Amino acid sequence: SQSRCDFAVAYYIGATYKPGFDNRFRKKPIEKALLSSGISRSMMDKSIKRLVEVGALVNNADSVNNQCHTRHWIPAAE
């Protein structure tokens with residue numbers, strides 16, 4: 001079920017957000033959109049963490065003091 005969640009999260013992000021720093025997003029809208037599909041917040045967190053690890057997403061977690069201020073974005077193609 002985690003691999004199904006990984007696919008759903010990646011698909012939703014790709015369909016909803018454009019690449020680039022100006023298109024930063026929070027996790028909450030993704031959580032709300034996928035909750036009806038049976039995807040929990042913890043599963044979504046794992047999927048987003050995996051997308052960051054493979055380089056498909058970038059975040060600002062290293063430069064914020066509070067986790068609530070963390071934003072993710074799709075890196076712009078160069």
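I worked from a predicted model, where local features need pLDDT of at least 70, side-chain atom pairs count only at pLDDT 80 or more, and totals for chains, interfaces and linings use all residues. Residues are numbered from 1 along each chain as its sequence is written, and side-chain values use heavy atoms, with hydrogens and water left out.

**Entry 1, D6.** I found D6 in helix α1 (residues 2–16); helices are DSSP runs of H or I with at least four residues, strands are E runs with at least two, and both are numbered from the N terminus. D6 is buried at a relative accessible area of 18% (buried is under 20%, exposed over 50%, partly exposed in between, with a 1.4 Å probe and protein chains only).

I got three aromatic pairs (Phe, Tyr or six-membered Trp rings with centres within 6.5 Å; stacked under 30 degrees, edge-to-face over 60, the rest tilted). Y17 and F25 are stacked, 4.2 Å centre to centre with 15° between the planes, and both are buried. F21 and W73 are edge-to-face, at 4.8 Å and 85°. F21 sits in the loop between α1 and α2 (28–35) and W73 in strand β2 (residues 72–73), so this pair ties together parts 52 residues apart in sequence. F21 is partly exposed at 48%, while W73 is buried at 12%.
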